[in-house]
Amino acid sequence: MQQGVDMQEQEQVNIDELYADARHWHVNTGGETIHAMRVPGRFRNFKWFASCLWLLYLIAPYIRWEGHQAILFNIPERQFHLFSITLWPQDIWMLSLVLILLAMTLFGVTAVAGRVWCGYFCFQTIWTDWFTWLEEKIEGTPVQRRKLDAAPWSLRKIRLKLFKHTLWLLISILTGVTFAAYFTDAFELWHSYLTFNAPQVAWVVVAVFVFGTYVFAGFMREQVCFWLCPYARIQSVMVDKDTVLPTYDEGRGEPRGKVRGKGSEGRGDCIDCRLCVGVCPTGVDIREGMQEGCITCGMCIDACDSIMDKVNRPRGLIRYASEKEMAGEVLPPLFRRPRVIAYSTIFLLAVGGIVYGLTHIPPVELSVVHARQPLYIQMSNGMIENKYTIKALNKTSADRHFQLRVEGAPGVHIVGDAGAGIVLESGKMVPFHVFLAAEPAALKGEKMPLRLVLESIEPPAIRMEYDSVFIGPARH
Ligand code: SF4
Ligand code: SF4
């Protein structure tokens, strides 16, 4: 019994030790609105640059390429257009490889540099950044915004809030319509929305996106990362002691204190100005250690560097560093880190598969089915005939003319002119039947292998082959 109590106490102590740091964490679980300051700096600039990459999302559906929309998921016709490339359901395995490639990129980057995706590239944090930038332009600094939120409703407050929410809604509408524009002609879609003739599904897609963007980026902000994002939940298993993360150099910063100069002997470099907390979009105090809410955006680094410049201390009190670096160890090179090697290997295999797929997409899909009922027909003139059902899909962007030939089976020929002047319309699957005929004496056995060749008549040269058999009567 006593032993049980001891074990319980021991367990309690261990748990207490384990969560000793966590008790100091400040994780806003939705009880307050965070109004973060904006401080110029290297990482702020990088974040703006990363934001600009998302402008491509807003522009891409309007780019035309060879007479059609450059990027288009044409679901009714089951085609995915990517500039000159058209992928069909048969090529869907390449999209799977793209997903694997993206996942490995995310895992690899997380292993090396933590949640940089969250901090700089994620649509949630980028859209939130745009929304809060507008909020600052309209309602003022964080202090002014907090005052405005707490103030009773007045004409000025209504005017500012109305203006802000109108702009947020406009961005949300643009985001939603842009998403829908990847699935149909972008210009026609805008026209159909503006004339209220859009199909029901288009209204539903836009409504979902407008609501999601407006609520997630305008109101929930960092709470989406905290409560809804699955990546935020699993990223902890991808980082290790070699992962570089925004880290407060405790040895240099502590003991912290506001007073500088006389009387500050023995103090660390941290002047306890709390600017690093004030700029944090998730409200984290990084000085308490790496925390669940940190999206590794580096804003606290810019903030602290600006303070260090002012107090004439070297920059880097908060910096991107790994746990090992902070402990004085040397960071191993990337190629000696097992996680990085594993993720990179899968990444390269996926890239290889995609490159192979893109360079080997057949311009025409050809399939041939030999008729089973009956396997052959003996005509009144003694000739043996076999029936074949041929399906040809022209995956190029133009209609093309083809001819069909038989190879590898001397004496077997196509009946009539079924093999000549075959027209394959762009993007259409054309099924047709052909009969092959042969003298019984030309047959070398019950089953004679042959090759059906579909060749383009005009340039560019396209040649598709399909191996089949010609079947005759059993020989005894
Ligand atoms: S603690 Fe620093 S790096 Fe982490 S989210 Fe806050 S500002 Fe960004
Ligand atoms: S910004 Fe730098 S100096 Fe100011 S409280 Fe944060 S760590 Fe300390």
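This is a predicted model: local features need pLDDT of at least 70, side-chain atom pairs count only at pLDDT 80 or more; totals for chains, interfaces and linings use all residues.
Visitor: Where do I start with the cysteines? What is a disulfide?

Guide: A disulfide is a covalent bond between the sulfur atoms of two cysteines. In this structure, a search of the whole model finds zero disulfides.

Visitor: Is Cys 118 buried or exposed?

Guide: Cys 118 is buried, because its relative accessible area is 5% and buried means under 20%.

Visitor: Which residues are the closest to ligand 1?

Guide: Cys 280, Cys 294, Ile 295, Cys 297 and Cys 300 are the closest, out of 13 residues that surround ligand 1. Of these, Cys 300 is buried, with a relative accessible area of 11%. By class, the shell around ligand 1 holds ten nonpolar and three polar residues, and no charged ones.

Visitor: Which residues are around ligand 2?

Guide: Several cysteines are around ligand 2, including Cys 270, Cys 273, Cys 276 and Cys 304. Among the others are Tyr 248, Asp 272, Arg 274, Arg 287 and Met 308. This shell divides into nine nonpolar residues, three charged and no polar.

Visitor: Now the rings. What describes a pair of aromatic rings?

Guide: Such a pair is described by the distance of the centres and the angle of the planes. The count here comes to 27 aromatic pairs. One of them joins Phe 179 and Phe 209, with 4.1 Å centre to centre and 20° between the planes, and it is stacked.

Visitor: Which parts does the pair of Phe 179 and Phe 209 tie together?

Guide: Phe 179 lies in helix H7 (residues 155-181) and Phe 209 in helix H9 (residues 200-220), so the pair ties together parts that are 30 residues apart in sequence. Phe 179 is partly exposed, with a relative accessible area of 28%. Phe 209 is partly exposed too, at 26%.

Visitor: Which residues do ring pairs link into a cluster?

Guide: The cluster is made of Trp 54, Tyr 57, Trp 117, Phe 123, Trp 127, Trp 130 and Tyr 182.

Visitor: Where does the charged end of Arg 44 sit?

Guide: It sits over the ring of Trp 48, 4.5 Å from the ring's centre. Likewise, the charged end of Arg 233 sits over the ring of Phe 226, 5.8 Å from its centre.

How values were computed
Residues are numbered from 1 along each chain as its sequence is written. Chains are lettered from A and ligands numbered from 1 in the order in which they are written. Side-chain values use heavy atoms; hydrogens and water are left out. A residue is near a molecule or strand if one of its heavy atoms lies within 4 Å of it. Ala, Val, Leu, Ile, Met, Phe, Trp, Tyr, Cys and Pro count as nonpolar, Asp, Glu, Lys and Arg as charged, and the others, Gly among them, as polar. A disulfide is a pair of cysteine sulfur atoms within 2.5 Å. Buried means under 20% relative accessible area, exposed over 50%, partly exposed in between (1.4 Å probe, protein chains only). Rings of Phe, Tyr and Trp (its six-membered ring) pair if their centres lie within 6.5 Å; planes under 30 degrees apart count as stacked, over 60 as edge-to-face and the rest as tilted. Helices (H or I, at least four residues) and strands (E, at least two) are DSSP runs, numbered from the N terminus. A charge sits over a ring if NZ of Lys or CZ of Arg is within 6 Å of the ring centre and within 35 degrees of the ring normal.
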